[in-house]
Amino acid sequence: MTVPRLPRTLIILLAPEALRSQIDGDLREGFLLRTERDGHLKARRWYWRQLISVDVWRLRRIHGQRNRPPPRRRSITLLLHEVSQDTRFGMRTLIREPLFAVVVLVTLSIGIGANTAIFTIVNSVLLRPLGYEKPEDIVMVFRTVPRFGFARSSVSYPDFLDWRARSETLSAMAAYGYTTVNYREGEVADRWQGFRVTGNLFPILGVPPLLGRVVSDPDDVPNGPNVVVLSHGLWQSQFGSDPEVLGRPITLNGEPATVIGIMPSDFDFPSGITQFWTPLQGDRERLERDTNFLTVIGRLGTGRSLEQAQAEMTSVAARIDAEAPDANRDYGVFVERRHDYVVRDARIALWVFMGAVAFVLVIALSNVGNLMLARGTTRNPEIAVRAALGATRPRLIRQFLVESTMLSVVGGALGLGVAVFMLRMFATLGSGQLPRLDQIRLDTTAMAFAVGLSVVAGILFGTLPAIFGSRPDVQNSIRDRAGDGWTGNFGSRVQHGLVVAEIALAVALTIGAGLLINSFARLTSVEPGFDPSNIVVARVAPPSPEMGPGVSADGMAEAMGGRQEFFRDLLARTNALPGVAAAALSYGMPFGGYTFSRVVQPEGFIFEEGDEPVVDGDIVSAGFFRAMGIPIAEGRPFAESDVRESPSVAIINHTMAEMFWPDQEAVGKRFRVGSGDAEWTTVVGIVGNVIRRSLSEDPGPSYYRPHTQAQWPDGMFVVMRSNRSAIGLIAALREEVRQLIPHLPVTDVATAAELLDTSVASPRFRTAVLAVFSGIAVVLAFVGIYGVMSFTVGLRKREIGIRIALGAAQGGVLRMVLRRGLVLALMGVVLGLAGALALTRFLNNMLFNLTTYDPLTYVTGIALVVVTCLVAAYGPARRAAATDPLTSLRYD
Amino acid sequence: MTNEILGGFQQLVMLAVVRLAEAAYGARIQDELEQTAGRSVSISTVYVTLDRLERRGYVASWLADPTPIRGGKSKRYYRVTKAGLDALRQSREELERMWQGVETSLEAGPPR
């Protein structure tokens with residue numbers, strides 16, 4: 001039936017010194033009276049109400065210092081004076097205990113820094129709106145092809161025009177398509193990546209140019225002006241930020257063009273790679289409905305919802321489908337907010353990170369709280385002296401709070417440094433893995449977050465030690481405590497509770513990170529189907545402006561002739577380069593992009609229209625399989641004799657052979673590429689499966705066609721396998737290209753190992769981040785358990801001394817202390833296990849070939865933490881076992 | 001001083017002090033207000049009001065010995081001074097004069 005401790009302490013803190021004792025007494029009396037009259041619960045509630053209704057400012061104005069003349073004014077100035085006194089005193093005590101201060105500051109700065117960094121990223125990527133006008137109304141409109149499972153497909157120009165004409169929920173609709181151009185000025189040749197955009201795209205986004213003007217409707221007409229808008233980055237790198245470039249003629253794809261505008265540096269629509277924008281200048285007559293190369297963006301009309309737009313677009317698509325029976329394409333429409341589209345996969349990953357760092361912060365705070373608690377107890381003599389000299393309890397409590405706040409503010413400042421460092425790390429490690437990463441900066445929001453976190457942390461971990469440490473009778477309660485010293489007073493129960501919580505969080509984090517590590521190991525051990533070592537690739541695209549979408553088949557074939565001749569020459573020269581063991585050409589490259597899929601009709605099969613199988617295709621030169629190290633299982637590779645005039649041939653992979661001709665000889669079978677009446681193509685060989693896009697995918701069916709028989713729209717990769725370091729070959733390749741066509745850029749330079757590596761960058765990034773956090777958590781838990789065990793062993797020195805004096809063996813003492821540590825660890829493990837089971841499901845779609853309940857990972861994670869705990873407890877245990885009974889008994 | 005008007009709550013606190021006679025201190029005054037006047041007020045309000053009254057000379061106070069029920073804390077007793085009693089009486093007279101004739105209007109409602 002005691003007075004509630006917390007409100008009492010707070011009231012004492014709030015009350016003016018003159019009235020403190022009386023108010024405390026009055027409230028105690030009132031509490032007891034009400035306990036008797038109304039029961040304990042009501043009395044407690046009454047007591048809390050007294051706290052809530054304390055009128056601090058008016059109470060403080062009471063200055064009838066009746067007993068103590070001269071009256072002291074408890075003004076703000078005095079308070080500030082006292083606080084600065086406390087601060088200086090705190091500094092001195094902290095400097096006297098540098099180890100304590102360093103451990104606390106390091107722990108705090110990691111906790112606060114990691115949280116600030118992740119918060120900054122979450123804020124920049126997920127929370128901050130996109131930098132367009134009314135960004136919440138901007139939506140993406142995709143074509144879906146349920147048959148192939150495509151959720152976000154490109155759109156053809158006629159479809160886009162029909163959508164735009166019929167939609168009422170979207171007030172505007174624009175489209176853009178990826179393109180590249182070869183830029184040339186004097187000796188400089190480069191290849192730019194950019195987008196062809198409709199004239200209304202920029203008005204929809206509502207971002208004004210930095211200089212000049214944007215692409216507008218008058219530019220966007222067939223055979224319109226050849227104009228470009230440059231990105232800020234390209235303007236800097238290629239033109240040295242020269243404003244005179246506006247209006248100056250430049251040469252793009254061998255044609256004169258005019259720069260009309262420069263965009264601001266933070267404009268990166270639709271993605272960071274974009275270097276220029278040029279009018280689409282689409283021609284409805286020449287662009288067909290099955291040439292899907294556009295992405296469509298729209299703006300919701302006033303008061304229109306996403307759902308309305310989705311419903312409307314679905315019915316619009318169905319009507320267009322019905323009106324164009326010649327192309328029974330069976331597609332749908334998917335409308336999605338631009339922001340959701342941009343952050344897509346990052347969302348879950350970022351919240352997982354945020355959860356993980358929150359764990360780290362809680363662990364860090366528990367640790368610091370524990371350290372402060374332990375230190376508070378050892379500071380008893382000092383506190384006792386101060387109390388004896390007249391320091392009141394509130395003053396002592398304030399001393400503790402000032403010290404903890406001081407530590408957390410310094411820790412927060414250091415934490416900002418840690419955050420900057422971590423953000424830099426993120427920017428490097430995570431480049432390409434997180435959208436909008438280039439927009440991340442430590443802004444005022446993040447600063448406020450760090451400062452707020454520091455102050456809250458200071459108060460949080462300062463409160464407990466302040467309350468316990470300032471009680472002058474702690475010393476007695478320790479000495480007089482009978483029985484088990486481990487579960488003795490409230491303070492040490494709190495300490496143990498904090499350690500158990502820390503261990504639990506560390507277990508959960510370790511299991512989470514373990515799952516990702518395990519999954520990553522499985523992912524990277526997948527065989528890609530080729531040998532990536534010592535292979536370097538580069539892409540070369542000879543200019544042919546007449547070969548864009550919409551060029552007639554005849555024009556295509558005509559252009560193809562010169563192109564094939566160029567590549568034949570280039571291949572011969574490359575093969576002759578010193579150091580090249582094998583060279584080849586290919587249109588696409590595993591993990592390097594430029595993959596395409598086609599409908600095929602194997603001979604003897606009849607498919608419903610629209611139901612034909614879709615397989616990956618590639619166009620390669622004869623030596624491709626040898627250069628890439630892809631085994632030919634049956635049949636033959638392509639040969640010099642496979643030319644345009646000879647029968648059409650193909651090589652297929654195992655999966656395709658199994659798919660159409662299981663248990664049969666696939667070599668010699670025939671299929672057609674495309675849904676029409678194309679020429680029959682004969683299978684002449686079967687090669688091993690190659691993964692093209694992602695190691696987590698099963699290799700699908702695919703076919704290869706010889707480049708001497710095929711047609712393709714732009715450049716090819718030159719694949720070179722060398723017998724030593726491959727990268728040196730690029731300079732030689734550039735020279736060969738220069739001799740064939742001067743100023744033709746060589747782009748997409750990479751080793752095959754790099755391409756493979758980039759393909760797992762995203763899971764590696766997630767795994768590394770979580771592994772780092774869980775590593776920090778384990779280290780902090782180690783520090784925590786070490787600190788608490790040391791402290792408790794110190795408190796039990798006398799008892800242990802007596803035990804040893806009475807004949808306890810050293811081994812017994814050692815085991816006793818270790819057992820104690822183990823009990824704490826196991827309690828933490830049980831809680832952590834529950835947490836892990838509940839939380840790891842958020843990792844579900846980040847795991848490859850692994851369930852979130854993988855027992856091995858759980859056992860490993862738990863074992864890691866338990867062993868860490870035992871190691872941490874071992875030091876204090878050995879010290880306890882080495883206790884000299886005489887000294888420890890003489891201690892007091 | 002006596003022509004300063006006492007606030008309603010100040011009157012209640014002074015009346016509580018008078019009613020409690022020799023036993024008027026913080027906790028009791030607070031309880032008296034709650035039990036008799038039905039006013040649940042916080043201890044800080046009680047002290048703020050007592051302080052104001054004391055500075056106007058209407059109440060006087062002295063410290064008494066601590067008692068065990070208060071956890072060894074001392075208590076401050078209050079009594080109403082002569083000036084306080086005068087002010088209280090004056091307030092009551094003012095109020096009574098003002099109340100004359102009001103009861104009937106209250107029953108009849110506002111004039112129409």
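Trainee: How many helices and strands are there in chain A?
Mentor: Chain A has 27 helices and 23 strands. Helices (H or I, at least four residues) and strands (E, at least two) are DSSP runs, numbered from the N terminus. Keep in mind that this is a predicted model, where local features need pLDDT of at least 70, side-chain atom pairs count only at pLDDT 80 or more, and totals for chains, interfaces and linings use all residues. Residues are numbered from 1 along each chain as its sequence is written, while chains are lettered from A and ligands numbered from 1 in the order in which they are written.

Trainee: OK, what percentage of chain A counts as buried?
Mentor: Of its 892 residues, 41% do. A residue is buried if 20 or more other C-beta atoms lie within 10 Å of its own, exposed if 12 or fewer, and partly exposed in between, with C-beta atoms placed from the backbone.

Trainee: And which residues have the most contacts inside the largest nonpolar core?
Mentor: Those are A:Val360, A:Ile503, A:Ala777 and A:Ile785, in a core of 108 residues. A nonpolar core is a set of buried Ala, Val, Leu, Ile, Met, Phe, Trp, Tyr and Cys residues joined through C-beta atoms within 7 Å. Helix 12 of chain A (residues 346–378) gives the largest share of this core, 18 residues.

Trainee: What does A:Ala777 contact, leaving aside neighbours within four places in sequence?
Mentor: A:Phe359, A:Val360, A:Ile363, A:Leu505, A:Ala506 and A:Leu509. Two residues are in contact if their C-beta atoms, placed from the backbone, lie within 7 Å.

Trainee: Switching topic: how many residues does each chain put into the contact between A and B?
Mentor: Chain B brings 19 residues and chain A brings 22 residues. On the chain B side, helix 3 provides the largest share, 7 residues.

Trainee: Which residues of that helix are buried?
Mentor: Among them are B:Ile43, B:Val46, B:Tyr47, B:Leu50 and B:Leu53. After helix 3 of chain B comes B:Gly57, with a positive phi near 85 degrees.

Trainee: Where's the cis peptide bond?
Mentor: It joins A:Phe269 and A:Pro270, with omega about -5 degrees. A:Pro270 sits in the loop between strand 9 (255–262) and strand 10 (276–279) of chain A.

Trainee: Last one: is A:Lys134 buried or exposed?
Mentor: A:Lys134 is exposed, because it has 11 other C-beta atoms within 10 Å. Its phi is positive, near 40 degrees, though A:Lys134 isn't a glycine.
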